[in-house]
Amino acid sequence: MSEKINCPQCGMLLYFGEEISRRLYMRAIPDEAAVLAGYGNVCPRCGASLSVDSVKIEIKRRATSKEGVTHGS
Ligand SMILES: [Zn+2]
């Protein structure tokens, strides 16, 4: 599973990597809020305020077979 966080306003990529919830035990990244806090809760490109509720969080399963690739959620 991979996770992507984009600015809701300009679409800037704020985080991309392993699904954050799966990293909890490693304490590499505590949660999405901590990622946003790393930006000061403000998009560095457009200045939009960022919150866990406003950003676009996309979690994708790693395709294990070509048949498993689907669009949407
Ligand atoms: Zn932005």
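1. Strands E1 and E3 are antiparallel and are joined by five bridges; two strands count as paired if DSSP finds at least two bridges between them. Within this pairing, Ile57 in E3 is the bridge partner of Ile5. The model is predicted: local features require pLDDT of at least 70 and side-chain atom pairs pLDDT 80 or more, while totals for chains, interfaces and linings use all residues. Residues are numbered from 1 along each chain as its sequence is written.

2. E1 (residues 2-6) also pairs with E2 in the antiparallel sense, over five bridges. Here Ile5 stands opposite Tyr15.

3. The protein chain contains two helices and three strands, following the pattern β-β-α-α-β along the sequence. Both element types are DSSP runs numbered from the N terminus: helices are H or I of at least four residues, strands E of at least two.

4. Of the 73 residues in the protein chain, 15% are buried, that is, 20 or more other C-beta atoms, placed from the backbone, lie within 10 Å of the residue's own.

5. Among contacts (C-beta atoms, placed from the backbone, within 7 Å) between residues at least 6 apart in sequence, 49% join residues at least 24 apart.

Technical notes:
A residue is buried if 20 or more other C-beta atoms lie within 10 Å of its own, exposed if 12 or fewer, and partly exposed in between; C-beta atoms are placed from the backbone. Two residues are in contact if their C-beta atoms, placed from the backbone, lie within 7 Å.
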